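I opened this entry to record what I looked up in the model. The notes follow the order of the look-ups.

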Amino acid sequence: MNILLAEDQAMVRTALASLLRLEANYQVTEAADGKAALTLLKQQAFDLLLSDIEMPSCTGIELAQYIQQYKLPTKVVIITTFGRAGYVKRAMDAGVGGFLLKDAPVEQLVQAIQQVMAGKRVVDSELLLNSLGDQDPLSDKERQALRLAADGQSTSEIAAALYIAEGTARNYLSDAISKLNAANRIDAARIARQKGWL
């Protein structure tokens with residue numbers, strides 16, 4: 001099986017790749033972040049994407065959305081240290097087949113990979129229970145605008161990055177602030193990130 005492993009923490013990525021090669025004799029291609037993984041997905045076929053959820057420039061969920069949008073045959077398993085409720089729903093909506101915590105034993109990961117490749121869905125029970133909580137009120141555009149605001153970008157920079165008018169960017173941020181009952185856009189981004197909605 002040909003696996004693309006996307007993980008921005010070098011030590012975790014290297015250790016995980018080595019364990020997968022030893023444990024199950026998988027072929028593992030490593031990507032240092034989401035952007036590198038996206039480039040590799042565009043260049044070659046993989047049976048499985050094993051991805052961290054939070055990475056610079058492109059998240060694991062955004063990679064899954066790309067795979068879903070272009071109807072690639074690649075299955076997806078997300079691994080995370082964050083047990084945030086919003087992540088599970090967004091991941092499942094993006095067609096992710098497996099969602100596990102990084103502290104799971106490698107045998108559990110290998111078993112989950114095999115189940116996902118057989119067409120089943122696997123979600124860590126702790127993550128599943130957490131996901132039954134709050135519903136994500138944000139639209140995709142509001143989420144994108146908030147993520148850029150959290151990175152310190154101005155309204156005009158957000159508008160340029162999203163290819164929208166500055167007034168529209170302001171509206172997205174205002175709507176997000178209102179929906180989250182936040183004091184300002186930084187507070188809204190903090191709340192959304194804590195709940196796993198960013």
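**Aromatic pair**

I looked up Tyr-66 and found that it counts as buried, at 16% relative accessibility; buried means under 20% relative accessible area, exposed over 50%, and partly exposed in between, with a 1.4 Å probe and protein chains only. Tyr-70 is partly exposed, its relative accessible area being 49%.

I note that this is a predicted model, in which local features need pLDDT of at least 70 and side-chain atom pairs pLDDT 80 or more, while totals for chains, interfaces and linings use all residues. Residues are numbered from 1 along each chain as its sequence is written, and side-chain values use heavy atoms, with hydrogens and water left out.

The ring centres of Tyr-66 and Tyr-70 are 4.7 Å apart and the planes stand at 45 degrees, so the pair is tilted. Rings of Phe, Tyr and Trp (its six-membered ring) pair if their centres lie within 6.5 Å; planes under 30 degrees apart count as stacked, over 60 as edge-to-face and the rest as tilted.

**Sheet**

I then traced the strands (DSSP runs of E, at least two residues; helices are runs of H or I, at least four, and both are numbered from the N terminus). An open sheet is formed by 6 strands in the order S2-S1-S3-S4-S5-S6, with parallel pairing; two strands pair if DSSP finds at least two bridges between them. Strand S2 (27-31) and S6 are at the edges with a single partner strand each, so one side of each has no neighbour in the sheet.

I counted 4 bridges between S1 and S3, and Ile-3 stands opposite Leu-48 in S3. Helix H3 (residues 60-69) packs on the sheet, where it touches S1, S3 and S4; contact means heavy atoms within 4.5 Å.

**Helix H5**

I asked which residues of H5 are buried, and found Val-106, Leu-109, Val-110, Ala-112, Ile-113 and Val-116. They cover an arc of only 160 degrees around the axis, which puts them on the same side of H5; the arc is that of the directions from the helix axis to the C-beta atoms. These buried residues pack against several elements, including strand S1 (2-6), helix H1 (10-24) and strand S3 (48-52). Just after H5, I noted a positive phi of about 95 degrees at Gly-119.

**Thr-155**

I located Thr-155 in helix H8 (residues 155-162). Thr-155 is buried, at a relative accessible area of 16%. Leaving aside residues up to four places away in sequence, Thr-155 touches Glu-166, Ala-169, Arg-170, Leu-173 and Arg-185.

Technical notes:
Axes fitted to C-alpha atoms, helices over the stretch in contact; angles between N-to-C directions.
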